[in-house]
Structures are given as structure tokens and as C-alpha cells.
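Thanks, everyone. Please have a look at the structure first.

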Amino acid sequence: MEFGLSQDQLLLDDSVRKYLSSEVSIDAVRKIASGEQSDSDIWRGLADMGLAGIIIPEAHGGAELGMLDAVAIAEAMGYAACPGPFLSTAVMSAHLLNHSGATDPLAGMASGDYRVGIAFSDFVGSRKGAVTESASKLSGQSLYALDASADAYLVALADGRTFMVESEHLDRTLLTTIDTTRSVCELNFDQTPACLVTDDAQLVRDTLYRGRAIQAADTLGAAQYMLDQAVAYSLDRKQFNRAIGSFQAVKHMCAEMASQLEPCRAFVWYAGHAFDEAAEDAAATACHAKAHLSEVGQFVAKTSTEVHGGMGFTDLVGLHYWFKRIGFNRQLLGSPEAVRHEVAVMQGLCGD
Amino acid sequence: MDLSYGSEYDAFREEVRSFIRENKDKQPQAGDGIKSQAMRDWQALLIENGYHSRTIPREYGGYGAEPDIIKSRIIAEEFGAERMHRGFNGQGVTMLTPVLLEMGTEEQKKAFVEPTIRAEMIWCQGYSEPGAGSDLASLTTKAELDGDEWVINGQKIWTSTAHHADWIFCLVRTEPDAPKHLGISFLLFRMDTPGIEIRPLVDMTGDANFNEVFFTDVRVPKHQIVGERGQGWQVANAILGHERGSLATPDAAMNRLNGVKRLMREESINGAAIIDNPVFRDRLLKLEGRVLAMQYNDMRLLSAKINRNQDVRLAGMIVKLIGTELRHEIECLGIDVMGEIGLSYGDNPHVRGRGSWQYQYMFYLGLIIGGGTSQIQKNIISERGLGMPKEPKVEPKKVEPKIAPKIPAAGAK
């Protein structure tokens, strides 16, 4: 019995964290977030390490690893507030394309040359008009598609049918969100040619749950960064001739963050593991993990900022990038309340 | 990640199951007290088969098995699934026995371990005092040596089971001039020794779960000390470690949460089942997510006992804090879904679950405070888990003798 990351997974995690700490500095995040630079160099570097193809089969040039490996990587990326299409291209699109049999794009995705974004709003629960299809042409609008520089998008309709649309046929507008470390756009369809990838709603749901497990891991990493920063700042910052970290008021804030966050590590690992080895648990665990990490992440984001005092509120420290990243993970692909409702439905506690 | 226990354990699990099938009828019933023959017989049966005191050496009355975390876990799982009585696990069994085995003399082990684990010798713990709670090391109950006997004077509080106990393990100050942590000794003595008075302490649940214990010139043989004079604090800390984790297991929390689910299906308001109310449902699911986090955390802790390279210090430190708070909230939801029915208590004919929801709601507030308050837990987590500094100590102010102001004496010039 061994619950945790294997030696291989720890080695991979270590090398990814080393790369991220040298290449994805706060300055690099700022440049990408402000639009001064694109995320392409970072994604190229990550692809060279095999991360763009992490779950893609070796036959298509990928590393063919599992979801536990993917959540470990996502945690490291959250810690670094790393830009790039890991959630969309490397996990969700890669899974959906691989299992729908539309495997042509996989090799380009694994090499980092081709990005496939996801437009799942309608499937998750759209707050605006739905996208409709007629004779392999899409009409309507899809909001909050990930990411804005993708070469193509997987558009999942409310009934689960999922189409692939090339970006060159698309009218797309960049949407400003709070989290500028990830790029989001609005897709406008007007008799836009689209290719049906799958009508298997179960596969699309499974893809969504995998995305949620990745988001939970990303929030775990981002919140861990904020906790580490809070502790470090409290040991450095002096008021009343003492490090503020020696005041119980501040220590207890840090202890509360750690107490809520630490069990999330095991939760997120299990959520990844369930997709690989315990399929019957996978859907509910991924949803629960996403909702729970959203709550814990929100608490840590607020509390860490408070420990930093006025500096936490400024742009100077840059802590807000993580604060916003946690907020982004909370809403995208289902708010905690909506996701918990889905779990209640799965358990038969209520109707749809 | 490998969550299987391995096929070599299948036979063991089957063995436990067949024991349960064959002996289910022999377990103590609700009315059997801790001193009943039924309890003692059951305890003996469990030890004989290795389901209690499993790793305690045979020479001290245990089963004498090699420590095997997985086997212990399987026993817990199978007994839990069938709601089987786990035997008597008072403070003597869970807290004193490990300490005696580690720090006691050969004579003490021989004299105390076997009757303790067989529930023939019931113990209570004399630690807290009215003036020494979170600052336990400031305790003032004193023991002075008079010939071959300690003479004990002082008062203890929060002494659960004192009214049933045959013996007490007790912290007393023996070196009044030493620094507070170095002046304490760990004594064992009989509760029927002259000079001991027990007063029940009724708590908010309406029960007397605790007592106050008063000592007036209680005389105890000199050799009934564990460790050396002045070492009592180290001995006590070894036991507190055993106490903290066991107060809030996530599997028990999940059982209670499933109980709330059942209540929500059974209870209704204006003909609509509570489970159909989305507000209550969201509270339920939110708590379920938190319990799951603690269950997986528990698996990680179990794994670290087998795989020594895994670092789970922080993951272990938070269990008492999070577990007791979580349990309190689960019990609270159980009450809330019943509305005014949830107020029922005691002999009220409308009471649900024998009043357990209100009882546990209050009892877990007691556990949030007892065994190291939540605030003390946060100090421990921030200092030992996160490496933050201790709050600077405030030195007691020296009272300066008042100097009379210099006023020239009348008439002096």
C-alpha cells in the first residue's frame, strides 16, 4: 500500500518545478499578463519536457502518462501561476480527441505546435444563448473559450455533441477577465463550418471532470504559493519591534490556511488516481475536489493577502496574480454550488 | 499509487470476518457497564484472538503480534462495517499502557499492563487543574517526600471516569524550585487511598462526563513513579501525542454525515422532504467534500506509517483541529435539518436518534476545547509545522518595594 506520488512522479515534479522557477518568474508572468509577450516560449519549453503530450499515447508522440501525473504537473503550474494551455490543450482536448478517435491533431498537440482550445460553456450551463448546429454549420456564441491563441476549438453543445472548428473560420474576440495569466475569448459562429468529433455525451462529461480535477490541482498549487509567501513575509516584516509572524493573530491565520490546505493534497492526488485506477469514483471525486478546492482556495487567497497587509493589496508584490488565478478556477467549468449540485444528482439525492 | 493491501492480506480479512460472524452475539450490550462481566469476557476474547492489545507482548498479557499497520486497519474496517464493539479503550488502555511499555520499570509493566488491557483495572488521568489548562506545565498539585511516601495535596479537574477508576496516573509538582517543565513527576496511585474526594462535574450535555478530584494529604508509596523525579513532563507529552489524533476519525465523521443524509430523506416540512431543499443540500455536499479531504488525508497518514520516506508531519498535526470542528458542524446540520424537532432532548417523545444530534453537537464543542484547544493546536501547527516563532514570553513583573518619596522632614532646612 502506497498513497502518494511514486519516485518517477516525484522526479518529474521536481524537474518541472525547477524549470518553472527559472523560466516563469514573476517578471515573465507580468509580461505575459500585460500582453507584452506571448506564452509561446514557455509552452515550447514545457512541450520539450513532454508536458504538452503528457496524456497523449506514445504512438502519437506523447508521454502516455496518467491523470495522477497530470494533476501533479497542474499543481506545480498553479504554484508558478504558469500561463499556457495545459488545461485546455494538454488535458481536456487531448483526452477528448484521443477517445473519440479523431486522433489526427494529437501529434501536433504533443509537440507543442498545435493548440486545441475548449468552448464548453454551453455544455456546463450557458448563461447566454446556446450554440446551434445545422448541416455541420454552427451558429450562435460561445463565451469563455480557453485559450485565445488556439489553432482550433472543441465546441461542446448543451446535448454533448462536440464539434471541432478551425480558428481561421472563426470570429473571435479576446475577453478580459480578472486572471490575465490565462487567455479567454468569445467565439462567434455564423454558419461556421464545423466537424463533428463525438456525440458521446459520456465522453464529454468525462473530459469535463478531468478538467475539474486539473483545476483543483492548479488551485492547490496557487494556494500553497500564497501560504508560503504569507509565512515568509510574516517572518520578514517587523512591527512593534517584532516579526509579525510572532504574533498569535498572524500565526493563527497561517495555521488555519495550512490546516485547510494540507488535506487537499491527498484529495487532489486521489482525484487524479481515480481516473487511472478507480473509475467508479472518478466523476464524483473530481467534482467534489474542484468545489472543495474552490472554497479552500478562496479562504487562502483572502487570508494570505491580509497577512501581507497593505502590500498584499498592491501590484508591487504581484500576489494578486495568484489571488485571481484561484478566482478564475472557481468559476470556470462550473461554480462550486453548481458542481456540488451535480454531485447531488450523481448520488441520486435530487433530480437534474 | 497503490491502494491495495495486497492479496497476502485476503486470508487475514477472511479470518476477521469469520470471527465476527461466530462471535457477534457475545459482544457487550448497551446496558453493560465498563466493570461488567460481559465487558471483561469480551475483552478477554478479543485479546485472545488478536483483536485488542494486538502488539502488546504476551508476557504482559497482550496478543504479542508484530506491528502490522495493514492488519490493524483491516480489523478496524471489518469491525466498523459490522458495528462490532471494539472492547474497552479507556485512558489506561490507550494512554497509560504505551507509556508504561516505553518508560516503565519491569515491575510496573508486570503489575499494571495486563489488568489494564483486560479492563480489570480502570484508570483516570490527573493532568489538568483549575489554574493549569492550556498552560498545563504550571500545575501546582504538590507531592512531598515523607520517608517512603509521597504526600499529595492539590486539585485536578476534567478527570473523566474518576468515579469508576481504580487507579489514577497523575502529574504532580515534586521540585518546586526547578523551572516549571522540569519540576513535575508522574505518579500512579489507587483512587481509594484516604484523602481523595471526587465531585462530579455536570457539563452542558446534562451528563457528568468529568469530575473534580481533590487531594488532601494523600499518601502514596515512593516507588509508584514512572520515570525519574522531575521527568513527568516528558512522560506526559508522550501520551498527549496518543490522545490528539484519536479524538476525530474521518470515517466516523462520514458515518455521521450519512446519518444526516438519512435524516434529510426522512424529515419533511409542509410535506416536502428536506433533501429536496437546495440550501440544505448544498450545506450537506459542502461538508461531504470536507470529510472526503480528511479521509484521503487519513489514507496518506496510513501510507506514511508503511512507507517511512513520506513526510506527513503537517498532515498529522491538523487532524485534531480540523476533525473536531468538522464533526461539530456535521452534528449542527443534523439539528438544523430537523428545525424545531431538532430542539428535542432527553425524554421528549419527538426526539430523533435518541437525542444524539444535540448531544454530539455539544460534546464535540467539548472536544474542540479539550485535549489541547483549537488555539493551542494553531500554535503547534504554526510553530512546529510552519516554522513560525513562539510568542515572546512575558517575564513575571518583579514587584519593586515602594520607595517613599523624598519629602523633606518637617522643620528640616
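Start with the contact between the two chains: 44 residues of chain A and 49 residues of chain B take part, where contact means heavy atoms within 4.5 Å. Before going on, note that this is a predicted model, in which local features need pLDDT of at least 70 and side-chain atom pairs count only at pLDDT 80 or more, while totals for chains, interfaces and linings use all residues. Residues are numbered from 1 along each chain as its sequence is written, chains are lettered from A and ligands numbered from 1 in the order in which they are written, and side-chain values use heavy atoms, with hydrogens and water left out.

How much area is buried between chain A and chain B? About 4,100 Å², with carbon and sulfur atoms giving 64% of it; buried area is the accessible area (1.4 Å probe) that two parts lose on being put together, summed over both. On the chain A side, A:Met1, A:Phe3 and A:Leu349 supply 20% of what chain A buries against chain B, more than any other three residues.

A:Arg242 forms a salt bridge with B:Glu391, and their closest N and O atoms are 3.8 Å apart.

Which elements of chain A give two or more residues to the side that touches chain B? They are helices H8 (201-236), H9 (248-277), H10 (279-307) and H13 (336-346); helices here are DSSP runs (H or I, at least four residues), numbered from the N terminus. H9(A) gives the largest share, 18 residues.

B:Gln91, B:Leu96 and B:Phe112 supply 42% of the area that domain 1 of chain B buries against domain 2 of chain B, more than any other three residues.

Across this domain interface the rule finds 1 salt bridge. B:Asp166 forms a salt bridge with B:Lys35, with the closest N and O atoms 3.1 Å apart.

Notes. A salt bridge is a side-chain nitrogen of Lys or Arg within 4 Å of a carboxyl oxygen of Asp or Glu.
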